[in-house]
Amino acid sequence: MATNSMNLEDVPSESLMSELLRRMKCASKPDKRLILIGPPGSGKGTQSPIIKDEYCLCHLATGDMLRAAVAAKTPLGIKAKEAMDKGELVSDELVVGIIDEAMKKPSCKKGFILDGFPRTVGQAQKLDDMLEKQGVKIDKVLDFAIDDAVLEERITGRWIHPASGRTYHTKFAPPKVPGLDDVTGEPLVQRKDDTAAVLKSRLDAFHKQTQPVIDYYSEKGIVAKLHAEKPQKEVTDEVKKVLS
């Protein structure tokens, strides 16, 4: 008896053909296991889907995976929920276990992009131990390096129209009338996190936490430092050069 939750007969032919063509294209791609490190506003979120599509990788965001494991009530998800219900942090071992589970999915066959993990050297070591048992390793760590002053200009200049989600920037994409949405004329607002004081606090925490992780992987010779202050297309080209 079929155990698949999805009946392929119910999937539109266009979707099946599209997925088949994607898998055929991906078959010749080399395996890659990547870690992305970068502060908020560094462009990591912009480049991640480009890398994912170009190299047929799966995107593993630990927060999303934890929520999915809890919702699916997997053995590790149940343990994670117990910890969260007690107000405790989910252990590194559990997070690495959930990454291990996720890596077994067909979408991760060619490798993965890890985003948001590891945040400490201890986590990096546990991740390496788990991968070593599978006979694989992290191939490259992409360090989205950018000057704090450039980030401040990028982030503190952002304004949004709450109802539509339209975004503006005082320097790079200003509204026609300062402070007002181009379409409705309604006032724009700034996110609470997009102020200089909040950004400084987040950046201080980021540098303190992640620099040891970058140093750890630098000793292994697998860190590629990207010039994340450059325009998006140039950063994409730099990523392709590093990964080729």
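A crossing of two helices is called left-handed if the near helix is turned anticlockwise from the far one by less than a right angle, and right-handed if clockwise. Keep in mind that this is a predicted model.

**Exercise 1. Work out how helix 4 and helix 5 pack against each other.**

Start by finding the two elements: helix 4 covers residues 75-85, and helix 5 covers residues 92-103. Two packed helices are described by the angle between their axes and the distance between the axes. Here the angle is about 150 degrees and the axes are 10 Å apart. Angles over 145 degrees count as roughly antiparallel, so helix 4 is roughly antiparallel to helix 5. Now for the handedness: helix 4 passes helix 5 in a left-handed crossing.

Next, pick out who does the touching. Helix 4 brings L76, K79 and A80, while helix 5 brings L94, G97, I98 and E101. Sort that contact by class and you get four nonpolar, one polar and two charged residues.

**Exercise 2. Which residues of helix 4 are buried, and where do they sit around the axis?**

Begin with the buried ones, which are L76, G77, A80 and A83. They span an arc of only 120 degrees around the axis, so they lie on the same side of helix 4.

What covers the buried residues? Helix 3 (62-72) and helix 5 are among the covering parts. To finish, step past the end of helix 4: G87 follows, and its phi is positive, near 80 degrees.

**Exercise 3. Is D194 buried or exposed, and what does D194 touch?**

First find the spot: D194 is in the loop between strand 6 (167-169) and helix 8 (196-218). Its relative accessibility is 3%, and the cut-off for buried is under 20%, so D194 counts as buried. Skipping residues up to four places away in sequence, D194 touches I155, T156 and R158.

Technical notes:
Residues numbered from 1 in each chain as written. Predicted model: local features only at pLDDT ≥ 70, side-chain atom pairs only at ≥ 80, totals over all residues. Heavy atoms only, no water. Axes fitted to C-alpha atoms, helices over the stretch in contact; angles between N-to-C directions. Helix = DSSP H or I, 4+ residues; strand = E, 2+ residues; numbered from the N terminus. Parallel < 35°, antiparallel > 145°, perpendicular 65-115°, else oblique. Contact = heavy atoms within 4.5 Å. Nonpolar A, V, L, I, M, F, W, Y, C, P; charged D, E, K, R; others polar. Buried < 20%, exposed > 50% of the residue type's maximum accessible area, 1.4 Å probe, protein only. Arc of directions from axis to C-beta.
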